[in-house]
Amino acid sequence: PLVQAAGYLLLVVFCIKAALLPLNLWLPRTYAAAPAAAAILFALMTKVGVYSILRVYFLAFGEQAGPLEDLVWPLLGPVGLLTLAFAALGAFASRRLRPMLGFLVVASAGTMLIGIASNSALALSAALYYLVHSTLALALMFALSNLLAPRLGAADQPQPQNAHPNWLILSFVLGALAISGLPPMSGFIAKVQLLEAIEVGTGGVNWAVILLSGLLAILALARQGARLFWRKQAFVFNAPG
């Protein structure tokens, strides 16, 4: 019983670190208020919580654990699904860029946990691949949010007098494609591998949540891009002359 209690206590600690539901309400506003450099580091550290779940519960509570084998495994799948669904809805509802990115960090953690809960070689490889991809993509977006900060007012609204350089627009588009998991970015490969690892018959809910959350992320990022760059008063191309 003591080891079992310790295993569940470690899970709570890792869930707080990884910002998994219901222990993730602190993350979006915290990341929105943090400096860009700190937010980039925090996005990396959030994935450490998910990776810790993978390492600890494979090594300490694996086949050699006897009656404690797969101690928390039945919990990981539902927690990952609920975290991903909650984060996707939160990102879609966000009206500001930085809180939306915070919710997308939570969504990436939920996606990884779904892969870990599938407990297959293909799903685990897809989850680890997605770890690297999502960390770099979100780091890019937080760095872009820092570059956009001088061009936004106190209410996070575009300033009419500022023109956005074309390279900044291109970087935002590439980052949005990467986070959404659209081709030709590497996130598309990770999500395809993850969906292939999930059996359609028993994982229909997983398929639905992953695909719908990707759609909501696309819509949220597209709306932010339109608000920042496509509004006539907020965007001016660098046309010759």
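How many cavities of 30 Å³ or more does the count come to? The count comes to two.

## Basis of the model

This is a predicted model, in which local features need pLDDT of at least 70 and side-chain atom pairs count only at pLDDT 80 or more, while totals for chains, interfaces and linings use all residues. Residues are numbered from 1 along each chain as its sequence is written, and side-chain values use heavy atoms, with hydrogens and water left out.

## Cavities

A cavity is a set of points on a 1 Å grid over the protein atoms alone where a 1.4 Å probe fits but cannot get out, and lining residues have an atom within 4 Å of a point. Volume is the space filled by probe spheres set on the points, which are joined across faces, edges and corners.

The largest cavity has a volume of about 150 Å³. Its lining comprises 18 residues, and Leu104, Ala107, Tyr130, Ile179 and Lys191 lie nearest the centre. Two or more lining residues come from each of helix H4 (73-93), H5, helix H6 (121-148), H7 and H9; helices are DSSP runs (H or I, at least four residues) numbered from the N terminus. By class, this lining has 10 nonpolar, seven polar and one charged residues (nonpolar: Ala, Val, Leu, Ile, Met, Phe, Trp, Tyr, Cys and Pro; charged: Asp, Glu, Lys and Arg; polar: the others, Gly among them).

The second largest cavity holds about 40 Å³ of space. Thr111, Met112, Ala126, Ala127, Tyr130, Ala190, Lys191 and Leu194 form its lining, to which H5, H6 and helix H8 (186-197) each give two or more residues. Six of these residues are nonpolar, one is polar and one is charged.

## Largest pocket

A pocket is an open set of points with protein on both sides within 12 Å along at least five of seven lines. The largest has a volume of about 240 Å³. Of its 14 lining residues, Phe172, Val173, Ala176, Leu221 and Ala222 are the closest to the centre. Helix H7 (166-180) and helix H9 (204-230) are the elements that give two or more residues, and H9 gives the most, with seven. The lining has 12 nonpolar, two polar and no charged residues.

## Packing of H5 and H9

Helix H5 (residues 97-118) packs against H9 at an angle of about 160 degrees, with the axes 11 Å apart. Axes are lines fitted to C-alpha atoms over the stretch in contact, and angles run from 0 to 180 degrees between N-to-C directions. The two helices are therefore roughly antiparallel (angles over 145 degrees).

In H5, Leu97, Met100, Leu104 and Ile114 meet residues of H9 that include Asn206, Ile210, Leu221 and Arg227, contact meaning heavy atoms within 4.5 Å. By class, this contact has nine nonpolar, two polar and one charged residues.

Note on methods: Angles under 35 degrees count as roughly parallel, over 145 as roughly antiparallel, 65 to 115 as roughly perpendicular and the rest as oblique.
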